[in-house]
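Morning, everyone. Please have a look at the model on the screen, and then I'll walk you through it.

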Amino acid sequence: LGFSSSLAFYGLEPDVAWRLMVGLGALLPIVMIVLVVCVMPESPRWLVSKGRNEEAVSVLQRLYGPDYNVTELTEAIHESLQKEQEAERTMGWGILLYPTPAYKRILLVGVGVAASQQIVGIDSIQYFLSYILEQSGVTDRKMQGLVLIMFGLLKVVMVFVAANLLDSKGRRPVFFLSLIVIFLSLIMLAINFVVGGENHSSSFTIFCLALYLAAFGVGMGPGAWLIPSEVFPLSIRAKAMSLATFVNRFVATIMASTVLSLTKVISWAGYFVGLATVAVIILVLMYLYLPETSGKSLEEMTVYFAQITGDASVLEVEEAHVAAKTIELSEEGGRRGGGEEEDDDSAYSSFSSGGWQGEDALSSNANESPMNSSVRGIVETSWSFQYATYPYVYARDEAVSFLGKCFLLGEELYPLLVNMKGVVEKVRIKRK
């Protein structure tokens with residue numbers, strides 16, 4: 001849609017077109033603000049954390065149906081918040097600010113990959129595609145719009161290609177292929193700008209840009225978010241992902257805000273050569289530090305980093321973290337399942353075998369709406385295959401709460417959810 005806007009306004013004067021683009025960009029946020037204020041309720045977890053239990057009960061009642069007993073769920077959320085506060089006081093941000101060797105290596109890989117996504121210049125090139133095309137001789141705004149739409153469609157297609165390659169070929173080979181093709185495309189762009197001078201080939205420029213975007217879409221694009229999610233252990237997962245996201249966007253801001261200044265000094269050819277050099281450096285670093293994560297669980301990756309750094313403390317932290325969550329889940333399952341608590345091993349094994357099997361706050365309710373039942377089924381299924389060894393039922397409760405708030409906007413999405421549930425079930429079976 002963003003690329004299409006250039007074509008939609010190509011007939012207007014540039015001074016008018018860009019103002020309309022900016023103005024129309026404000027419409028969707030306005031709609032979202034209205035929906036948030038008028039439709040979306042507050043998160044029950046946040047309400048409980050602020051002591052507004054009655055409002056939390058009201059919201060949960062809307063999500064689970066009028067005949068569902070949500071009092072126990074509210075109490076469970078309250079207990080979960082207390083235990084999380086205790087865990088926060090025990091570890092907090094200190095584990096990231098003063099990491100042990102294993103955590104340091106984990107952060108180097110996860111945050112480094114997130115930063116590398118932007119260092120190869122994707123935002124700085126993508127934001128100025130029209131400018132690059134104009135420098136290459138494509139001055140017609142309609143033609144620029146058509147080329148940008150082609151680039152957009154290419155990026156969409158490469159998402160499906162990446163999804164297949166990353167699983168079938170592994171993470172490392174796809175990353176290496178992506179970086180090699182990025183390097184070649186940038187070098188060809190630089191040569192085209194140098195050899196052709198002011199009359200360099202516009203068609204060859206379009207080809208090189210398409211090659212660059214395709215290579216990025218196969219590996220560096222999706223992989224930069226895939227790798228952190230596969231190497232960050234549970235004890236630091238939320239904070240480490242926040243750090244990786246911050247670094248990614250910070251680097252993107254620096255790259256995009258300096259591109260015009262740099263090109264004025266070293267020219268576009270010099271800028272492309274610089275990005276190509278960075279791509280080679282990233283390739284070498286990934287070869288040295290990036291492990292293969294395909295088909296490996298978080299526990300296996302934690303053991304890998306512990307072995308490669310000789311730091312066993314990371315295993316102790318993870319064991320303590322999982323044990324605490326297992327005990328918490330076992331107590332909750334026993335309270336809701338009739339007062340009989342399961343032991344830690346049975347609680348853990350019930351998750352490892354494909355999902356929580358006991359009766360809990362997420363069990364189906366005969367009186368709830370089909371929409372909420374489908375939402376709950378999707379979350380339970382996806383949770384069991386993605387985090388089979390992560391017995392953390394309250395995070396799943398929050399996921400259900402969030403999806404429920406979104407789907408309060410209309411029951412007409414129910415058929416779509418049923419289809420999604422079927423897809424997730426097939427993926428879970430395939431992963432098993």
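Let's start with a term: helices (H or I, at least four residues) and strands (E, at least two) are DSSP runs, numbered from the N terminus. Tyrosine 289 sits in one of them, helix α14. In total, the protein has 20 helices and zero strands.

Now the ground rules. This is a predicted model, where local features need pLDDT of at least 70, side-chain atom pairs count only at pLDDT 80 or more, and totals for chains, interfaces and linings use all residues. Residues are numbered from 1 along each chain as its sequence is written, and side-chain values use heavy atoms, with hydrogens and water left out.

Next, burial. Buried means under 20% relative accessible area, exposed over 50%, partly exposed in between (1.4 Å probe, protein chains only). Of the 432 residues, 44% count as buried. Is tyrosine 289 buried or partly exposed? Tyrosine 289 is partly exposed, because its relative accessible area is 34%.

Now threonine 302. That residue lies in helix α15, residues 298-309. Threonine 302 is buried, because its relative accessible area is 4%. Which residue is 69 positions from threonine 302 in sequence, yet 6.6 Å away in space? Proline 233, C-alpha to C-alpha.

Last, contacts across the whole chain. Contact means heavy atoms within 4.5 Å. Take the contacts with a separation of 6 or more: residues 24 or more positions apart account for 76% of them.

That's my tour. Over to you.
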